[in-house]
Amino acid sequence: MGALDHLSNMFDCGSGSNRKYKKRKQLQTVEIKVKIDCDGCERKVRRSVEGMKGVTSVSVERKQHKLTVVGYVEPHKVLSRVAYRTGKKVELWPYVPYDIVAHPYAQGVYDKKAPAGYVRYVEDPHNNLARASSTEVRYTTAFSDENPDACAIM
């Protein structure tokens with residue numbers, strides 16, 4: 001608030017000081033997984049959120065079954081609106097790029113339904129596996145009995 005706004009609120013005889021200000025929403029990108037088979041499904045999913053208040057852009061990727069909504073919206077409201085308007089099963093986008101996950105083939109992380117280059121994101125604090133690109137892991141697997149291409153000198 002500027003100085004003039006502050007002074008006008010101090011000397012205002014009306015009910016201006018009792019106003020409640022709405023908290024402004026943040027600009028967010030909401031990614032949703034929803035099954036999209038044909039042009040009609042794509043159109044139905046797109047139209048379900050285009051008229052929503054606060055939405056600035058909508059993009060649909062049919063092959064990945066992905067809906068991306070950018071705007072001043074809340075993720076759970078977008079989810080419920082798409083589910084209600086389309087009648088489809090929806091969930092927040094559960095996949096992250098392959099490079100971000102420390103050990104993508106750990107139990108509960110690997111998913112055959114994931115798009116190419118993505119794995120399911122699971123936060124597991126008990127999983128302390130080393131990153132597959134670390135030198136320590138490369139040396140231990142090079143001399144492993146389970147590795148068919150292991151060193152035969154041992």
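What follows is a chat about the fold of one predicted protein model.

User: Before we start, what kind of model is this, and what should I know about the numbering and the values?
Analyst: This is a predicted model, in which local features need pLDDT of at least 70 and side-chain atom pairs count only at pLDDT 80 or more, while totals for chains, interfaces and linings use all residues. Residues are numbered from 1 along each chain as its sequence is written, and side-chain values use heavy atoms, with hydrogens and water left out.

User: ok, how many helices and strands are in the chain?
Analyst: The chain has four helices and six strands, where helices (H or I, at least four residues) and strands (E, at least two) are DSSP runs numbered from the N terminus. Read from the N terminus on, the elements come in the order α-β-α-β-β-α-β-β-β-α.

User: And what's the order of the strands in the open sheet?
Analyst: The open sheet of four strands has the order β2-β3-β1-β4, with antiparallel pairing; two strands pair if DSSP finds at least two bridges between them. Because β2 and β4 stand at the edges with a single partner strand each, one side of each is left without a neighbour in the sheet. Neighbouring strands of this sheet are turned by 25 degrees against each other on average, with direction ignored; axes here are lines fitted to C-alpha atoms, for helices over the stretch in contact, and angles run from 0 to 180 degrees between N-to-C directions.

User: How many bridges join the paired strands?
Analyst: Six bridges join β2 to β3, β1 and β3 also pair over six bridges, and three bridges join β1 to β4. In β3, Thr 68 stands opposite Ser 59, and Val 70 is the bridge partner of Thr 29. In β4, Val 90 is the bridge partner of Val 34, while Leu 92 is the bridge partner of Ile 32.

User: Which strands do α2 and α3 lie across?
Analyst: Helix α2 lies across β1, β2 and β3 and runs at about 165 degrees to β2, whereas α3 lies across β1, β3 and β4 and runs at about 165 degrees to β4.

User: Which residues of the largest nonpolar core touch the most other members?
Analyst: The largest nonpolar core has 18 residues, of which Ile 32, Val 49, Leu 67, Val 78 and Val 82 touch the most other members. At least two residues of this core come from each of β1 (28-34), α2 (39-50), β2 (55-61), β3 (66-71) and α3 (75-86). A nonpolar core is a set of buried Ala, Val, Leu, Ile, Met, Phe, Trp, Tyr and Cys residues joined through side-chain atoms within 4.5 Å, and buried means under 20% relative accessible area, exposed over 50%, and partly exposed in between (1.4 Å probe, protein chains only).

User: What is Val 78 in contact with?
Analyst: Leaving aside neighbours within four places in sequence, Val 78 is in contact with Ile 32, Val 49, Met 52, Val 69 and Val 73, contact being heavy atoms within 4.5 Å.

User: Last one, what lies over the face of Trp 93?
Analyst: Lys 66 lies over the face of Trp 93, at 4.9 Å from the ring centre; a charge sits over a ring if NZ of Lys or CZ of Arg is within 6 Å of the ring centre and within 35 degrees of the ring normal.
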